[in-house]
Every structure is written in structure tokens, then in C-alpha cells.
Amino acid sequence: MLLGMNMLLWTTHVDDRHIHILETLKQTGFDGVEIPIFSGAPDAYARIGKRLSDIGLRATAVGVLPNGSVDCTSSDRSTRDAALSHIRWMIDCLHALGGEVLCGPFYQPLGEFTGRPPTRDEFQRVTEVHAAAASYAVERNIKLSVEPLNRFECYFLNTTQDAVALSEAVGSPNYGFLYDTFHLNIEEKRPVERIELNSP
């Protein structure tokens, strides 16, 4: 088992000011860190990746869709294309970082709701965008791990069952989902049973 620390505990953008934290985490016994990719260019992440390598920490990343102009569920093609471009940018940043997995709710902007459950059309749209993103990521040896969240933060993906269905629909070996115990403890009646039912 590998242990990692989410750098969102300290910042939304890791830079040289946080190197002492990374060094302390390594000394404490952590194997890696989760780096937020919310802004910046691949070159900046490459510099942090070099420092992580020197320290001896592995890297994963978390990313989101920041607003309604980049939304995989949208009926507007240009909005979905923008969402795909944003996900590709996150993949490029993670690749420059030397990281392994991009996780997060990168299917819809957080806190935006339609007032109804997700539709079949929305499911198909997200599947299409994420299949293209997975194809882009596999060329860079990166895995995508979509994250279901509680219903107060999003409406499209809330449960393990939803995440399994999306993973199967995307159908790429580098695409899966993150089981976040905070969110799924809210949404699942039997959280431990969900892990047992959906483990390989």
C-alpha cells in the first residue's frame, strides 16, 4: 500500500514556496503527494516534478472543470469541446509533472445543477468526452480516475454504481474511478459493501 498526502491541505497551487512541506512529508514516511492542477502551464509543473523526483515522492493530481464554459454534460458541442481541451491541459500538466493518475470530478462544474437527475443524453455526452480524454491520456501513460461526489456538490455522478456504469461505458483500460470515503459515506447506505462489490 502506498500513502499519499493531498496538497490541497496547504494550497491550490504548489510552487517553490511549498518545497519544505514536500520534504517534511517524505521524512514523515509518505510515498507521494496529490498535486492540484487548477492553473498554470506544463513548464511550471515540470519544475515541481523535478523537485519531487529529487525528494523521492511520487505524484498524482486532482483537477476540476472550473465553470459552465467547460462542461462535459452540456448539449452545446463547443462547450463539450472546451471541456475536453481543459482535461487535456490537465493531462499535459500531469505528464510534465511526471505523475501517474489524474483524479477528480472532471465531468461537470461543481455547484451547478439542473434541478433534475442526470439524463441518458448527458451520460452519453460525458462518455464521449471522457473516452477521448482517456485515449489522449493513455499515450502519455496516465490513468484517469473520475470521482463521484455527494449530491450537494454535483448531480451527475453521486454513487459507486454511477461511477461503475460510466467506467464501463468509457471502456478504456486507463479509466476508472476514485472511491472517496467522505462523499460515498454520505451517498451509500452500505459504504463498505460498495467497496467489496466493486473491487477487482
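User: How many aromatic pairs does this model hold, and how is such a pair described?

Analyst: A pair of aromatic rings is described by the distance of the centres and the angle of the planes. Rings of Phe, Tyr and Trp (its six-membered ring) pair if their centres lie within 6.5 Å; planes under 30 degrees apart are stacked, over 60 edge-to-face, the rest tilted. The count here is 1 aromatic pair. Tyr 107 and Phe 156 form a tilted pair, 5.7 Å centre to centre, with 45 degrees between the planes. The model is predicted: local features need pLDDT of at least 70, side-chain atom pairs count only at pLDDT 80 or more, and totals for chains, interfaces and linings use all residues. Residues are numbered from 1 along each chain as its sequence is written, and side-chain values use heavy atoms, leaving out hydrogens and water.

User: Which parts does the pair tie together?

Analyst: Helices (H or I, at least four residues) and strands (E, at least two) are DSSP runs, numbered from the N terminus. Tyr 107 lies in the loop between strand E4 (101-104) and helix H4 (120-138), and Phe 156 in the loop between strand E5 (143-146) and helix H5 (160-170), so the pair links parts 49 residues apart in sequence.

User: Is Tyr 107 buried or exposed?

Analyst: Buried means under 20% relative accessible area, exposed over 50%, partly exposed in between (1.4 Å probe, protein chains only). Tyr 107 is buried at 0%. Phe 156 is buried too, at 4%.

User: What stands out at Asn 141?

Analyst: Asn 141 has a positive phi of about 60 degrees, although it is not a glycine. Asn 141 sits in the loop between H4 and E5. Asn 141 is exposed, at 67% relative accessibility.
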